[in-house]
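Work through the exercises below with the sequence and the model in view. Try each task before reading its solution.

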Amino acid sequence: KRMLDLLKEQARIDALTGLANRAAFDSSLASAVATWERAQHPFALLMFDLDHFKQYNDRCGHLAGDHALKLTAEILQLNLRQGDLACRYGGEEFALLLPRIGAHEAFDVAERIRLAIEEANYPGQDLMDRRNLTISIGIAVYPDHASSAGELLALADEELYRATEHRN
């Protein structure tokens with residue numbers, strides 16, 4: 001039983017960062033929509049990625065890149081409330097699911113995380129053109145901006161894409 005429980009947990013956790021993985025996120029997003037159907041509480045989805053992470057990896061090495069992903073995960077955990085979900089969505093992309101929060105509060109959370117990452121001391125970041133790692137963020141709120149989990153995810157991703165076009 002313990003081994004089965006461990007395997008189930010490992011299937012939902014990103015091994016590098018300790019955050020939820022994409023499968024756990026997808027399940028939690030579907031659950032959040034179902035919860036809204038009952039309780040009518042809005043929730044926010046934030047998607048972000050580390051800007052110029054390829055340059056960081058190329059100049060600092062992949063071990064430093066792994067360390068940067070772990071440090072980013074720690075920063076996320078320190079800036080979230082109990083019940084919020086942080087996940088490594090893939091590569092250097094992360095997603096946050098924030099229950100019972102509207103657009104203004106979601107923006108405040110995003111800004112707090114953006115500043116924390118910008119001010120963090122990532123080893124070797126001085127080798128980058130910008131001298132520090134930054135993030136771009138896309139925000140979408142259910143049900144204000146979308147009527148399904150898929151629409152919400154697509155909108156947050158679209159907003160992330162827009163943010164990356166204007167980063168820095």
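Predicted model: local features only at pLDDT ≥ 70, side-chain atom pairs only at ≥ 80, totals over all residues.

Residues are numbered from 1 along each chain as its sequence is written, and side-chain values use heavy atoms, leaving out hydrogens and water.

**Exercise 1.** Determine how α2 and α6 pack.

Solution. Step one: helix α2 spans residues 22-39 and helix α6 residues 149-165; helices are DSSP runs of H or I with at least four residues, strands runs of E with at least two, numbered from the N terminus. Step two: their axes are 10 Å apart, at an angle of about 120 degrees. Axes are lines fitted to C-alpha atoms, for helices over the stretch in contact, and angles run from 0 to 180 degrees between N-to-C directions. Step three: α2 is therefore oblique to α6, as under 35 degrees is roughly parallel, over 145 roughly antiparallel, 65 to 115 roughly perpendicular and the rest oblique.

**Exercise 2.** Find the order of the strands in the open sheet.

Solution. Step one: the four strands run β2-β3-β1-β4, with antiparallel pairing; two strands pair if DSSP finds at least two bridges between them. Step two: β2 (85-90) and β4 (135-142) are the edge strands, each pairing on one side only.

**Exercise 3.** Is Arg100 buried or exposed?

Solution. Step one: locate Arg100 in the loop between β3 and α5 (103-119). Step two: its relative accessibility is 59%, so Arg100 is exposed (buried is under 20% relative accessible area, exposed over 50%, partly exposed in between, with a 1.4 Å probe and protein chains only).
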